[in-house]
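Here is a note for a colleague opening this structure for the first time.

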Amino acid sequence: MRGCRRGAAATSCVDFRPRLCRPVTKKKNTSGEIREAALETLAQLPPADVTAYTDGSVLDPRRMRRGGGGYTLTDAKGKQFSGKCAAGARCNSYRAELSAMLLCLRDLLSGAKKHAVPQDAVITVALDSQSAIKALAAGPAAQSGRLEIRVWEALSEVCARFRARVIVQYVPGHVDVEEQEEVDKVAKAAAAECAQGDGPIALSLAKAAIKEVQRGELVASLRNKVSDHFWLAVTGGKPAKCDKLSREEQRTLAQLRAGHSPLTLDYLYRVATTSKNFKIPDDGDHGMSIAEGVVDAVRDGSPAHEAGVLPGWRPTHIGGKKCATDGELAAQLVVAQGDRCAVKFKTVPSPKCPACPAKQDGVRHLLAECPGYAKTRHSVFGTHNVPLSVLRDQQKEVLRYLQRIGRWRPKDSRVRGARQTGTHTGIHTRSAGDRRGSVQHSGTSSPAAAVGKIGRHIAPLGIPRSPWSCIWGLPVFAPWIPISGGQTVAA
Ligand SMILES: [Zn+2]
């Protein structure tokens with residue numbers, strides 16, 4: 001890339017080379033291979049009179065604090081020089097790199113260090129920032145940043161004064177190129193030692209600084225105010241130990257720790273909705289029989305059946321109007337006759353715990369409170385009094401508990417299980433393929449399809465509906481074969 005659009009000042013041009021002679025990446029190549037490519041690239045450059053390496057460094061890159069830049073330079077007589085400068089109290093690596101380059105060029109121009117630079121010199125500037133090289137390569141007219149403009153001014157003046165040709169070459173950092181390592185040390189020292197002063201801050205950095213302050217305040221306020229937050233109650237603010245869990249297992253546990261898990265019906269009730277468009281004929285026969293606000297049955301061939309409405313769904317909006325009570329629902333269905341109207345359903349009919357008479361299912365209820373699962377809880381955790389911190393400290397036991405009560409099964413075993421359970425009737429015994437073969441009893445109940453459709457996590461599993469059915473949840477043949485009797489929700 002050549003950038004010489006700045007009239008007479010940059011008649012001798014600047015050559016920007018943001019790549020090596022052959023493509024190498026840190027992902028695909030070893031650092032030895034990258035180093036080789038870098039050295040090969042440097043060997044292919046035209047012989048230089050002056051060679052400079054520049055580098056920028058940021059002391060605290062995450063918070064973008066304290067930048068510094070440095071350079072090392074070998075002049076035409078082989079004499080070595082170096083220099084360092086502050087790059088800003090708020091700084092990112094890009095700005096630190098440009099500051100280093102600017103310092104190097106200005107030192108060449110000022111002559112204070114008495115560098116030997118002949119006329120018609122070839123000057124090589126090597127740095128490890130492709131983004132900086134690419135930004136400069138767009139040309140002086142394309143620059144909007146103050147720093148970039150100053151670098152371009154310095155480049156033009158170097159070209160003009162020494163009638164020089166400047167080659168700006170990318171050399172990857174941290175691959176054991178000797179000069180690069182050396183200048184890296186200079187830059188790090190600059191970031192640590194140089195006094196920053198009150199230089200202007202770039203707008204983007206100022207924004208980032210404001211964000212950081214706000215984030216800090218938010219974190220501080222959260223620490224004091226929401227100590228009763230579910231996640232904090234579960235984890236105490238510490239990350240959960242991950243003892244060789246699959247991604248699926250980790251995700252399941254993370255959802256539970258957050259209190260938003262599709263394994264609990266309160267969550268599904270909140271999020272699982274669907275809209276169906278169907279025409280209600282003039283006689284008002286839409287084909288759904290509704291009991292207690294929930295679709296009880298759908299007649300074959302009726303408009304509702306054709307639209308794919310399933311039993312167990314609860315209509316909440318008809319034609320965009322909310323129907324909170326059964327009366328409203330019936331009235332809306334009459335009004336909507338003859339129209340092609342959209343009916344919105346909650347596809348999980350109720351947030352109630354399926355295993356006990358509790359009004360609301362939930363993570364806390366599921367793990368620590370539900371009387372329906374008390375025996376399984378005791379056999380897995382050894383106590384009825386299970387603290388929520390098991391989600392952090394006893395992750396494998398939690399997963400075992402969830403499998404034993406039939407709320408969760410790992411995906412791969414679910415596929416195998418589905419193949420083997422076949423017709424879904426009666427009791428299945430353990431087989432080789434189904435390691436934890438959850439034994440199911442098929443329900444004839446219609447809400448089955450409803451949960452099956454949305455709660456894929458639940459679908460193949462039997463959710464006992466009465467508190468008593470959990471008694472049958474006890475292991476009979478072997479500890480890992482739960483038998484669930486009674487009615488189940490899943491199809
Ligand atoms: Zn319960």
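1. Begin with threonine 124. Leaving out residues up to four places away in sequence, threonine 124 touches Leu45, Ala48, Thr51, Ala52, Ile167 and Gln169; two residues are in contact if their C-beta atoms, placed from the backbone, lie within 7 Å. Valine 50, 74 residues away in sequence, has its C-alpha atom 6.3 Å from that of threonine 124.

2. A word on the basis of these values. This is a predicted model, in which local features need pLDDT of at least 70 and side-chain atom pairs count only at pLDDT 80 or more, while totals for chains, interfaces and linings use all residues. Residues are numbered from 1 along each chain as its sequence is written.

3. Threonine 124 belongs to strand 6 (residues 122–127). Helices (H or I, at least four residues) and strands (E, at least two) are DSSP runs, numbered from the N terminus. Threonine 124 counts as buried because it has 23 C-beta neighbours inside 10 Å. The cut-offs are these: a residue is buried if 20 or more other C-beta atoms lie within 10 Å of its own, exposed if 12 or fewer, and partly exposed in between, with C-beta atoms placed from the backbone.

4. The rest of strand 6 is also mostly covered, with six of its six residues buried. Side chains in a regular strand alternate between the two faces of the sheet. In strand 6, Val122, Thr124 and Ala126 point one way, Ile123, Val125 and Leu127 point the other way, and all are buried.

5. What does strand 6 pair with? Strand 6 runs parallel to strand 7, and six bridges join them; two strands pair if DSSP finds at least two bridges between them. Isoleucine 167 of strand 7 is the bridge partner of threonine 124, and glutamine 169, also in strand 7, is the bridge partner of alanine 126. Strand 3 (residues 50–60) pairs with strand 6 in the parallel sense over four bridges, and there alanine 52 has valine 125 as its bridge partner.

6. Strand 7 (residues 165–170) has a further pairing, with strand 2 (residues 14–17), in the parallel sense over four bridges. Here aspartate 15 stands opposite isoleucine 167.

7. The loop between strand 7 and helix 5 (178–193) deserves a look, and histidine 174 is found in it. Most residues other than glycine have a negative phi. Histidine 174 is not a glycine, yet its phi is positive, about 60°. Aspartate 176 lies in the loop between strand 7 and helix 5 and has a positive phi of about 70°, although it is not a glycine. Are these residues buried or exposed? Histidine 174 is partly exposed because 13 other C-beta atoms lie within 10 Å, whereas aspartate 176 is exposed, with 12 other C-beta atoms within 10 Å.

8. Glycine 69 lies in strand 4 (residues 65–74). Why does glycine 69 count as buried? Glycine 69 is buried because 32 other C-beta atoms lie within 10 Å. Its contacts, leaving aside neighbours within four places in sequence, include Thr54, Gly56, Lys84, Ala96, Ser99 and Ala187. The C-alpha atoms of glycine 69 and aspartate 184 are separated by 9.0 Å, although the two are 115 residues apart along the chain.

9. Helix packing can be checked next. Two packed helices are described by the angle between their axes and the distance between the axes. The axes of helix 2 (residues 93–110) and helix 4 (residues 146–162) come within 9 Å and cross at roughly 30°; axes are lines fitted to C-alpha atoms, for helices over the stretch in contact, and angles run from 0 to 180 degrees between N-to-C directions. Helix 2 and helix 4 are therefore roughly parallel to each other, since angles under 35 degrees count as roughly parallel. By class, their contact has eleven nonpolar, one polar and six charged residues. Ala, Val, Leu, Ile, Met, Phe, Trp, Tyr, Cys and Pro count as nonpolar, Asp, Glu, Lys and Arg as charged, and the others, Gly among them, as polar.

10. Finally, the chain as a whole. The chain has 17 helices and 13 strands, and 39% of its 491 residues count as buried. Among contacts between residues at least 6 apart in sequence, 66% join residues at least 24 apart.

Key:
Angles under 35 degrees count as roughly parallel, over 145 as roughly antiparallel, 65 to 115 as roughly perpendicular and the rest as oblique.
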